[in-house]
Amino acid sequence: MAFKALFTLVSVVAAIQGASAALTRRVSCPSGHTTTNAACCALFPIRDDIIQNLFHNTCAEEAHESLRLTFHDAVAFSPSAAAAGKFAGGGADGSIMLFANTETNFHANLGTDEIVALQKQVRARHNIGAADFIQFAGALALSVCPGAPRLEFLLGRKDATRAAPDGLVPEPFDPVDKILARMLDVGFQDFEVVWLLSAHTVGAADRVDDTIPRTPFDSTPGLFDTQFFIETQLKGTSFPGRANVQGESLSPLRGEMRLQSDFLIARDSRTACEWQSFTNDQEKFVETFPDVMGRLALLGVSNSTLANMVDCSDVIPEAPPLPNSVRAHFPAGKSMRDVEPACAETPFPTFPTDPGPATSVRPVPNL
């Protein structure tokens with residue numbers, strides 16, 4: 001009986017090991033890469049083209065704008081409007097690229113025409129749908145930004161057959177109530193809106209004040225770090241360009257853009273504590289962003305389509321780590337005296353101040 005029991009146990013272990021091996025078996029691609037599914041092989045040449053020829057292996061304007069485009073394409077979708085019998089967009093369906101003449105002229109999408117045009121050129125060299133290309137490029141964008149997490153990528157979206165309606169993408173001058181309601185309509189709770197805004201750590205504004213394109217939202221736009229959350233809590237003192245532009249608030253640093261929506265969400269009682277929690281928690285920062293971005297990338301995708309999509313996340317490279325010298329800090333010239341705390345539950349963390357003259361932020365390079 002003991003031998004029989006042992007034999008049964010060994011058989012079970014062998015079966016589990018065999019199943020595990022089957023699940024992790026790699027497929028060799030013509031490019032020389034390996035992946036878990038042969039359908040993903042076609043993505044490697046596209047990946048290399050995007051990283052080398054669109055991003056130039058740098059966390060700069062084209063990578064930033066590709067990440068932004070994932071949001072502008074996907075969030076143009078309204079389940080509540082669809083339930084009322086209205087056409088409410090298709091979500092992550094590539095409509096912003098396929099119907100660029102319409103959608104890039106929506107006020108909320110101004111400035112996306114340049115990255116759409118650049119992405120179209122790359123896509124034309126490959127066999128991939130617009131919907132998948134936009135989300136793939138967005139996931140790859142973070143792979144060139146030190147400190148960023150790897151994003152999930154599922155292959156197999158259906159492309160749009162018509163343009164999304166206007167008015168679905170939140171604007172920086174919208175009231176917080178309107179922004180939170182719009183995002184709740186597509187499934188994101190108040191605190192998850194903060195998680196999504198982590199994208200602004202590698203973001204910049206082109207058309208809020210069109211006299212100063214590529215103006216960063218924090219002092220380290222080439223790094224996926226927590227400086228955006230720290231600096232948004234500092235008292236604003238000046239505008240980086242023209243004064244009193246719609247959708248903009250005073251910035252604490254010369255050359256830095258502060259969106260009105262970021263300013264308000266950082267100080268709203270529903271979101272302030274979640275916002276503050278990111279200021280000194282890089283680990284939480286990189287753990288939460290892939291969750292909300294994975295869901296964003298599937299907005300509007302039907303269950304039947306989702307059931308046939310292929311997980312090609314292993315095609316996305318890991319981003320470089322943050323340099324050892326990087327630490328959460330107050331920019332030179334700023335300190336705790338400049339903080340406008342908004343979380344009633346927890347004191348604002350303390351940070352060292354960078355030495356030297358007051359920090360001035362340069363525009364994001366346009367490669």
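Helices here are DSSP runs of H or I with at least four residues, strands are runs of E with at least two, and both are numbered from the N terminus. This is a predicted model, in which local features need pLDDT of at least 70 and side-chain atom pairs count only at pLDDT 80 or more, while totals for chains, interfaces and linings use all residues. Residues are numbered from 1 along each chain as its sequence is written, and side-chain values use heavy atoms, with hydrogens and water left out.

To stay with that pair, the axes of helix 3, residues 61-74, and helix 8, residues 130-143, come within 8 Å and cross at roughly 140 degrees; these axes are lines fitted to C-alpha atoms over the stretch in contact, and angles run from 0 to 180 degrees between N-to-C directions. The two helices are therefore oblique to each other, given that under 35 degrees counts as roughly parallel, over 145 as roughly antiparallel, 65 to 115 as roughly perpendicular, and the rest as oblique. On the helix 3 side the contact includes A63, S66 and L67, and on the helix 8 side it includes I134, A137 and G138, with contact meaning heavy atoms within 4.5 Å. By class, the contact of helix 3 with helix 8 has 8 nonpolar, 4 polar and 1 charged residues, where Ala, Val, Leu, Ile, Met, Phe, Trp, Tyr, Cys and Pro are nonpolar, Asp, Glu, Lys and Arg are charged, and the others, Gly among them, are polar.

Helix 3 also packs with helix 7, residues 112-123, at an angle of about 100 degrees and with the axes 10 Å apart, which makes helix 3 roughly perpendicular to helix 7. Among the residues making this contact are E62, E65 and R68 of helix 3, together with I115 and V116 of helix 7, and by class there are 4 nonpolar, 4 polar and 3 charged residues.

Leaving aside residues up to four places away in sequence, L43 touches I128, F136, F153, L155, C312 and V315.

Q227, in helix 11, is buried at a relative accessible area of 1%, and beyond four places in sequence its contacts include D218, R327 and H329. S198 sits in the loop between helix 10 and strand 4 and is buried at 0%, touching F224, F229, F285 and F289 when residues up to four places away are not counted.

Finally, there is the backbone of two asparagines. N57 has a positive phi of about 55 degrees although it is not a glycine; N57 lies in the loop between helix 2 and helix 3 and is exposed, with a relative accessible area of 51%. N244, with phi near 60 degrees, is in the loop between helix 11 and strand 6 and is exposed at 68%.

Notes:
Buried < 20%, exposed > 50% of the residue type's maximum accessible area, 1.4 Å probe, protein only.
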